[in-house]
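Subject: The structure I promised you

Hi! Here is the structure I said I would hand over.

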Amino acid sequence: MFTMHKTPTLTVIIPTFNEAGYIEDALKSVAFADEIILIDSFSEDATLTLATPHVSKVLSREFDNFSNQKNEALKHAKGQWVLFLDADERVTQSLEKEIKETIQNPVHSGYKINFPHFYMNRFLYSHSDDVLRLVKREGAHFKGEVHEKLLCNGSVGRLKNKMLHYTYKDLHSYITKKESYAWFQAKQQYAKGKRATWMHFWFKPLFRFFKSYIIKGGYKDGVPGLTVAGVNAYGVFQRYVKLHLLHKSME
């Protein structure tokens, strides 16, 4: 059973929607935190049943966008520091140790963590991201609706240890995720009055493939790296197809 201290030092915030297959392992990996807040978008599976005994607080909120969801959870956080975790991510023991040491003697107001993607039963170390996830709570907030960006007051450093990220359950879920993001991004661009051109349909997907496979070194990861590059390019193409469809539907 999770026990919260009187004056939390570290709060972990986890957004969820139908994460029954992942949430228990995620919670076990951050059991060292002083406070764990789950913000759920009305899951229809056993997510809440599995998670509730292990968290400090459960918030239920209808999903509108990623930034609003996490900013709402931030309002309820009591820790001086906040770590944002997705249900398909895991804090290793070495990362746990580094987080504890860092928040005791911080040099910066926020810290990026490296996320190697996991796909086809292997970690793609050539396809990884440095993401700001650990921040001082005061002044921290998110902006952006799809690929939300975490902001903090002050300088940003980088932790040495990596976060495990079980990115894609399978190819179908990976493509479905890209389709979902494409709709969000298309609606954003439509609201700004932008239109899709031949460059968006051809150049941008090709550049995304080149960036993922060549610049980021996806070719080093064999077939999984090639697949990720291809699906990433497909996601960009779908974004502009959906933007075009939105304009056609309004004509």
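**What I found**

Asn18 counts as partly exposed, since its relative accessibility is 25%. One thing to keep in mind before we go on: this is a predicted model.

You will find Asn18 in the loop that runs between strand E1 (10-16) and helix H1 (23-29). I picked Asn18 for its backbone: its phi is positive, about 55°, although Asn18 is not a glycine.

Look for Phe42 in the loop between strand E2 (35-40) and H2. With a relative accessible area of 43%, Phe42 is partly exposed.

**On to helix H2**

Helix H2 covers residues 47-51, and Leu48 has its place there. Is Leu48 buried, exposed or something in between? Its relative accessible area is 27%, so Leu48 is partly exposed. If you leave out the neighbours within four places in sequence, Leu48 is in contact with Leu38, Asp40 and Val58.

**A strand residue, Val131**

Val131 sits in strand E7, which is made up of residues 122-136. A relative accessible area of 28% makes Val131 partly exposed. Which residues does Val131 contact, once neighbours within four places in sequence are left aside? They are Tyr111, Lys112, Ile113 and Phe115. For a distance to check on screen, take Val131 and Glu145: they are 14 residues apart in sequence, and from C-alpha to C-alpha they are 16 Å apart.

His165 is in strand E11, which consists of residues 164-165. Its relative accessibility is 10%, and the cut-off for buried is under 20%, so His165 counts as buried. The side chain of His165 makes a polar contact of 3.4 Å with the side chain of Asp88. Asp88 is also on the contact list of His165, which leaves aside neighbours within four places in sequence.

Not counting residues up to four places away in sequence, Asp221 touches Arg122, Phe123, Leu124, Tyr125, Ser126 and His127. Where is Asp221? You can find Asp221 in the loop between H6 and H7. Asp221 has a relative accessibility of 4%, so this residue counts as buried.

**How the helices pack**

H6 is residues 198-215, and H6 packs with H7 at an angle of about 155°, their axes being 8 Å apart. Angles over 145 degrees count as roughly antiparallel, so H6 is roughly antiparallel to H7. Their crossing is right-handed. What kinds of residues make up the contact of H6 with H7? By class, there are twelve nonpolar, six polar and three charged residues.

H7 (residues 222-250) also meets helix H5 (residues 171-191): the axes come within 8 Å and cross at roughly 40°. That angle makes H5 oblique to H7. H5 passes H7 in a right-handed crossing. In the contact of H5 with H7, the residues are 14 nonpolar, seven polar and five charged.

While you are looking at H5, find Gln185, which has its place in this helix. Is Gln185 buried or exposed? Gln185 counts as buried, because its relative accessibility is 11%. Gln185 and Leu134 are 51 residues apart in sequence, and their C-alpha atoms are 26 Å apart in space.

Conventions: Residues are numbered from 1 along each chain as its sequence is written. This is a predicted model: local features need pLDDT of at least 70, side-chain atom pairs count only at pLDDT 80 or more; totals for chains, interfaces and linings use all residues. Side-chain values use heavy atoms; hydrogens and water are left out. Helices (H or I, at least four residues) and strands (E, at least two) are DSSP runs, numbered from the N terminus. Buried means under 20% relative accessible area, exposed over 50%, partly exposed in between (1.4 Å probe, protein chains only). A polar contact is a pair of N or O atoms within 3.5 Å; within protein, one must be able to donate a hydrogen and the other to accept it, and residues adjacent in sequence count only if both atoms are side-chain atoms. Contact means heavy atoms within 4.5 Å. Axes are lines fitted to C-alpha atoms, for helices over the stretch in contact, and angles run from 0 to 180 degrees between N-to-C directions. Angles under 35 degrees count as roughly parallel, over 145 as roughly antiparallel, 65 to 115 as roughly perpendicular and the rest as oblique. A crossing is left-handed if the near helix is turned anticlockwise from the far one by less than a right angle, and right-handed if clockwise. Ala, Val, Leu, Ile, Met, Phe, Trp, Tyr, Cys and Pro count as nonpolar, Asp, Glu, Lys and Arg as charged, and the others, Gly among them, as polar.
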